[in-house]
Amino acid sequence: KYEMGRPAALCKLGAKRVRPVRCRGGNMKYRALRIDNGNFSWGSENCAKKVRILDVVYNATSNELVRTKTLTKNTVVQIDAQPFKQWYL
């Protein structure tokens with residue numbers, strides 16, 4: 001069953017680069033190859049903002065993913081806090 005999937009995109013940190021991928025029924029999905037911002041939330045303050053990702057700090061899977069700045073699920077990243085500071089004041 002695993003042969004039905006596609007190879008992992010391994011999204012990196014960098015200028016936005018998104019490619020369309022054709023799916024079943026002719027629909028399109030969009031695969032992020034590089035990305036430099038994201039939607040992050042400050043849970044205790046009930047606030048979500050679109051902010052810049054500065055660096056990959058930690059990944060439990062492998063240190064190689066940190067060295068190559070690969071973004072995966074559950075990766076710890078450093079973000080630009082300025083939008084949250086402006087909201088707080």
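This talk describes the strands, the aromatic rings and one loop of a predicted model.

Good morning. A few conventions come before the structure. Because the model is predicted, local features need pLDDT of at least 70 and side-chain atom pairs count only at pLDDT 80 or more, while totals for chains, interfaces and linings use all residues. Residues are numbered from 1 along each chain as its sequence is written, and side-chain values use heavy atoms, with hydrogens and water left out. Helices (H or I, at least four residues) and strands (E, at least two) are DSSP runs, numbered from the N terminus.

Let me begin with the strands. Two strands pair if DSSP finds at least two bridges between them. Three strands make up an open sheet of mixed pairing, in the order S1-S3-S2. At its edges stand strand S1 (12–13) and strand S2 (17–22); each has a single partner strand, so one side of each is left without a neighbour in the sheet. S2 pairs with strand S3, residues 28–35, in the antiparallel sense over six bridges. Within S3, Arg31 stands opposite Arg19.

We turn now to strand S4, residues 37–42, and strand S5, residues 47–58, which run antiparallel and are joined by six bridges. Phe40 has Lys49 of S5 opposite it. S4 and S5 form a hairpin with four residues between them, and in the turn Asn46 has a positive phi of about 55 degrees. S5 also pairs with S6, again in the antiparallel sense, over four bridges. Val56 has Val77 in S6 as its bridge partner.

My next topic is the aromatic rings. A pair of aromatic rings is described by the distance of the centres and the angle of the planes. Here, rings of Phe, Tyr and Trp (its six-membered ring) pair if their centres lie within 6.5 Å; planes under 30 degrees apart count as stacked, over 60 as edge-to-face and the rest as tilted. How many aromatic pairs does a search of the whole structure find? It finds two. The rings of Trp42 and Phe84 have centres 6.1 Å apart and planes at 85 degrees, so this pair is edge-to-face. It links distant parts of the chain, with Trp42 in strand S4 and Phe84 in helix H2 (residues 82–88), 42 residues apart. The rings of Trp42 and Trp87 have centres 6.3 Å apart and planes at 65 degrees, so that pair is edge-to-face as well. Trp87 lies in helix H2 and Trp42 in strand S4, so the pair ties together parts that are 45 residues apart in sequence. Trp42, Phe84 and Trp87 form one aromatic cluster.

Are these residues buried or exposed? Buried means under 20% relative accessible area, exposed over 50%, and partly exposed in between (1.4 Å probe, protein chains only). Phe84 is buried at 8%, whereas Trp42 is partly exposed at 32% and Trp87 is partly exposed at 37%.

Finally, consider the loop between helix H1 (63–67) and strand S6 (76–79), where Thr75 lies. Thr75 is buried, with a relative accessible area of 15%. Its side chain makes a polar contact (a pair of N or O atoms within 3.5 Å; within protein, one must be able to donate a hydrogen and the other to accept it, and residues adjacent in sequence count only if both atoms are side-chain atoms) with the side chain of Asn59, at 3.0 Å. Asn74 is placed in this loop too, and Asn74 is exposed at 66%. Thank you.
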